[in-house]
Amino acid sequence: MTLSNDFNGGIIGKRRTGKTDDPYKLITITLPVINSKTVLPEIPNRLEKVKVTGVSYPLYEIEDGELNDNFYRVDYAEGVVFFNAIHNNSNLTFTFLGEGQHFLPASSVWVTDNNGDIQTATEKLERIDADILAQKQRVDQQIQSTPQPSEIVDARVDRNGVVFPTVKGRVDAEQKKIDDALQAKDGTNYTSLKSRMDKVDDRTGDTSLLSVGTNLTAAANLLKNSIGDTTQLDKGNDLTEGVNINSTDIDTLKSDLGVAQGNITSLTTQANGISKKISYKEKQTELLSLFYDKLRSKQLVTIACQGDSLTYGYDVVSSDIRPADSSLTDDGTAHLATRASISYPEALQDYFNTVYGHDVVSIKNRGYSGDWVSRGLVHWNINPNANLHVISYGVNDSRNTNCPYMGDVVEFIKQYRILIERVLDWNSAIVLLLPLKSKTNRSDYEVKTDVFAEAARQLGKEYGIPVVDGEQLLNGYSAKFWSDGTHLNGLGYKAFAGRLFGAFIGDGVMNPYHIIDNSTVLANYQNYSFILKGTSAIVSSDGYPTPDSETAGAGYAVYMPDNTAEVYFGFYADKEDMIVIPSMYTSTKGRNVTVELDFGNEQAQNTIDYVEFDQNRIFTTEASKAVINTTDFGTNNIFWENDIRNGNIPYVHITSRGWHVIKVSHDMTNAGESLTLHGLYFKHYSNVFTQTGVYIGHTSYDFNDTTTILQSRVKWIPLLKQLGLFNASTTFYEYPLINIEVNNYGRSYDVYELQLYRGNDPAFLKFGGMVSRTTWSTANSRIITDITFDTTTDELIITWGGETNRAASYFFKVAGAGGNVKIYQPSTTIPAPIKGAVYFDANTNKLKKSVDGTTWVDFISNSNTFTVATLINGWNVYVSQSGDVYYYPAYMLDELGFVHIRGHMAGGTNNRAFTLPVGMRPKFVLYYSIVCGTNTVGSVTIKPDGGVFVNVSDNSFVSLCNIPAFLAEQ
């Protein structure tokens, strides 16, 4: 350290310079907090800041404002750290770079002596020094007055007659002379005099340059003789005259040393830069974690949205524009551009209020139209005291001719670093929002914007800052969301904010919940990607078909007792065209459950993998809301994937990847009405509506439902996918005939014919009417009176007649592809065989089929018999108290390789009930709902080892008859 020449009231500062030869000192020390402050042992460096740890939550330095429990302030002039009083008497750990200390003159410091009398430190130190000196003199006198052997006395006298008090004193003096002789002028220490002279010889390269007396030996001898007395160096010629080193070599050596010093300085600078970057990265991690912690616990947080016209809400074209914002920027600049009906920060504020409630999140709009990063630094130069900054720049930096570094991506990065570090110094976390590219034909501009956007993405990695791709949020959206091809309108800003909000649910951008095909979002305590609102609550029950993750035998779900209950899910879809399938239960019929995507904002248009069937470029926009009537819930009042696949039930189809929000709510208000939401299941469109050759629809899932249904609608593209058809554009004569079969449940089975070609509007459609009927009863049946096509919605409309209040199912099949089946009336007279025909033989009470068109064979061979299962773990065959006979638990493998299970049992434990034999086992785990007890729901799991496991709350009665047939795979 160097001693400062500046005096301040007698105080002297002894400070390090911070250079390589006098670096600051890294200090980590644990000190107590007394009277809300701690005095550091050295003055801390202001640039590198003081870091404080030692409590269970992060502490942050502020320059001004109230000192809350997680803030502290540092006086860098005096080295004092101030805290909230809550930290008094706590031991905290301080890490900083020490620059040095302040020293007070001893004459200004008072102390007390042993008697308690006050005196200055100078007086006391002088007295102590006098005592020490007197004691030393007494010891020396004792040694000198004690007789010693003559050899000891002689050893204390050197050749010049100087007498040393002790032998050690003389040895130490001689050793110092030798050490001085072995140290070169540049500070190099040599191990021997010879090595030092050899080095001199090497540097000269010419021993003739050494001339003391006659040669080098004379110079060495003179040096040896001079060890005891350096004044001997003046005898004859001075040693510096005798050793004449080549000046050119010395200059070269100095140059090399200068280069080395420069390299060291450069490396030090780089090391300091890396250390600084790591410090900022750590701070970003702490601040972002703190933001989400406060948000999820619904503490007040402030979000500052900073950027250019996208943030400001620029719109000069739309009919509903507003005047320029009347507020000023921090430097007093007025806004000049008009605004859209709503900006994205305003829309984001509305969504936060809707989901988290008012007075939880406050959003500040720090956008200015036309801004680039360096101008944003000027416009917004006052700390807004925000917990989070959402920053978006890049468009004007890349292409605005007013920007002083337009198109210079390196300068853009430098300016962005300055902004990032300033915001982090303000103790605000950051999320970087990449800019939107223009939709006008300016490819040269948009390449630049894309490069600048990717540079911002890399900056995010550099500082550990999450990045949201703004372009992806609106990818695929219609042009009607834009006001001028570069800026959005109110509709666009709302949609943009609705998508962005998905990043603020659960862990959000810190740990996105990624959705792919077959992903599930369960409503349990292990999953935090959802928010409960109103009366909704997580509950457990042994009847829920979800994992018993916390309580053995009981799954978790969200219980929603009234219409104030809502659940919001936030996630990141990694694939387009995902179908949202809510798994839910209700005992109430006739009520509506709403599944809403992105706050109901209009979606992006369908992607190419979805519209591949439509060669006439009929782009449709999928609904953002599906209202599902609880009457359409399937077996046991549970809504599953099959209810969407097999029926004409509305669903949410997410057309674009990226951040999304799903809300589930209902309209039940009466006592006893409720909805139980198990979670969400996501499947790609192609896997929900796979090609099966049959499209199945229902007028109602409830056999006893008497609601009058006059029309049913069938979506065109799902129908094509199910039937495995392409959409012919001109060759309608190649389009196959379609059969529509209507099952009137025990009354009749009717077959209709339809020729349909969806080409240029209007659609070509010929309805051939009923072509065959199989009757089992004289009672009236539901019939099709007409089929039309709605070109606006791309839907077939089935118009019903006859018994329109009777439940029925209908099946679309391609004629000649498993759909053109001739069904005969039950008869004792054997009809003529027709290939593919089926009839019921009343003589043998067996269903017959003709495979070759020449003979009849049993539709199900006699070999397809059920095998009674061997029950274990206390399970027995169910015996009815009324005397009714029930099937024994049994299984069967049919001709097509499917396993069938039926029967009823009782009395066992929730464990393996029986085991299927090899050849009748699934490859993966199968999970189904079953009926048990008195109208309660249980579950059965069939595992690859053949184990059939039952989980029920009431074992007095368990039915296996509603387990669907499954493919035997091993």
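Predicted model: local features only at pLDDT ≥ 70, side-chain atom pairs only at ≥ 80, totals over all residues.
Residues are numbered from 1 along each chain as its sequence is written, and side-chain values use heavy atoms, with hydrogens and water left out.

Strands here are DSSP runs of E with at least two residues, helices are runs of H or I with at least four, and both are numbered from the N terminus. Two strands pair if DSSP finds at least two bridges between them.

Strand E22 covers residues 555–560. E22 pairs with strand E30, residues 675–684, in the antiparallel sense over three bridges. Strand E21, residues 537–541, also pairs with E22 in the antiparallel sense, over five bridges. In that pairing, isoleucine 538 stands opposite valine 558. Of the six residues in E22, five are buried; buried means under 20% relative accessible area, exposed over 50%, and partly exposed in between, with a 1.4 Å probe and protein chains only.

I turn now to helix H15, residues 490–500. Nine of its 11 residues are buried, among them Tyr493, Phe496, Arg499 and Leu500. What covers these buried residues? The cover includes helix H8 (309–312), helix H9 (344–356), helix H14 (470–473) and the strands E16 (429–434), E17 (467–469) and E29 (658–666). At the start of H15, a side-chain oxygen of asparagine 489 comes within 3.2 Å of the backbone nitrogen of leucine 491.

Is glutamine 415 buried or exposed? Its relative accessibility is 15%, so glutamine 415 counts as buried. Neighbours within four places in sequence aside, glutamine 415 is in contact with Val373, Ser374, Leu377 and Tyr405, where contact means heavy atoms within 4.5 Å.

Finally, I come to an open sheet of four strands, in the order E42-E44-E45-E52, with antiparallel pairing. Strand E42 (867–868) and strand E52 (966–967) stand at the edges; each has a single partner strand, so one side of each is left without a neighbour in the sheet. Strand E45, residues 898–902, is joined to E52 by two bridges, and the two run antiparallel. Within that pair, valine 899 has phenylalanine 966 of E52 as its bridge partner.

How values were computed: Polar contact = N/O pair within 3.5 Å; in protein donor to acceptor, adjacent residues only side chain to side chain.
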